[in-house]
Amino acid sequence: MNEYAQELVHYLLRGNDEEAINYITEIINDQNHVSLYETLITPAMHHIGKLWESNQISVADEHLATATCDFVITTIEAQWLQTGESNDKKVMLFGVEEEEHYLGLKMVATVFRENGWNVRYMGPNLPFRHAKTAIEIWKPDVVGVSAALSYRLPKLLETIEQLQEIEHQPDIILGGQAVGHYHVPPEAANQVFAMRNLTELQSWLQQDRKGEKNIDFTP
């Protein structure tokens, strides 16, 4: 973790949202959101997660840091987001059922907005029957699904199979740490895309604009 992310950790653990925003403002240097999230916010939150896993901070501390980070992300997007020229494409984003982590999903929503997409961010822990209804009504071009923890992988696989049965066949992007345990099978490579980070998502979006989407980033 770099020194800038380490400093942000201190603000988040103390719940100092105003100081965190001021700190980010001082060092942002015209970075786009992908760079900001990848080099600062994501490493900070991963470190906080490790502190919790090793019992160096309490559940309450972790919740405070997460809530503070949520507010910071929302504020940064409101202040600095420059949406790209609209491309009339739609994406729906949600976390699989019982998955409560959502900050990564919010950052993904920002990246899509920066690229001119119409975004519906549905939040975490969305039962598939409700997701399916929303998808069939709105008919997004892309459905993004997140699963942060490895033991959510069976639910993620089940969700992928159900999404592939949707009549209008949206592209499916997968995110979250559980994706590291999944490899897209060859027969699904034209519809299912696994993203290990926001940089890969940004690359995929650039390829999408060129009509070249059949890229699997997983090892």
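Buried means under 20% relative accessible area, exposed means over 50%, and partly exposed lies in between (1.4 Å probe, protein chains only). Keep that scale at hand for the tour.

**Before you start**

This is a predicted model, where local features need pLDDT of at least 70, side-chain atom pairs count only at pLDDT 80 or more, and totals for chains, interfaces and linings use all residues. Residues are numbered from 1 along each chain as its sequence is written, and side-chain values use heavy atoms, with hydrogens and water left out.

**Stop 1: confidence**

Colour by pLDDT, the predictor's confidence in each residue, from 0 to 100. The protein has a mean of 90, and 92% of its residues reach 70 or more. Now select residues 215-219. Here the pLDDT is below 50. The stretch still has 19 contacts in the model (heavy atoms within 4.5 Å), counted beyond near neighbours in sequence. Where pLDDT is low, the predicted coordinates should not be read in detail.

**Stop 2: two helices**

Helices (H or I, at least four residues) and strands (E, at least two) are DSSP runs, numbered from the N terminus. Select helix 1 (residues 3-14) and helix 4 (residues 59-80). Their axes lie 7 Å apart, at an angle of about 105 degrees. Axes are lines fitted to C-alpha atoms, for helices over the stretch in contact, and angles run from 0 to 180 degrees between N-to-C directions. Helix 1 and helix 4 are therefore roughly perpendicular (angles of 65 to 115 degrees). Show side chains next: L12, L13 and R14 of helix 1 meet D61, L64, A65, T68 and C69 of helix 4.

**Stop 3**

Two strands pair if DSSP finds at least two bridges between them.

Zoom in on strand 1 (residues 90-95). Four bridges join strand 1 to strand 2. K90 has N118 as its bridge partner in strand 2.

**Stop 3: two loop residues**

Select D88, in the loop between helix 4 and strand 1. D88 is not a glycine, yet has a positive phi of about 65 degrees. Is D88 buried or exposed? At 70% relative accessibility, D88 counts as exposed.

Finish at K139, in the loop between helix 6 and strand 3. Its phi is also positive, near 55 degrees. K139 is partly exposed, at 46%.

Conventions. Angles under 35 degrees count as roughly parallel, over 145 as roughly antiparallel, 65 to 115 as roughly perpendicular and the rest as oblique.
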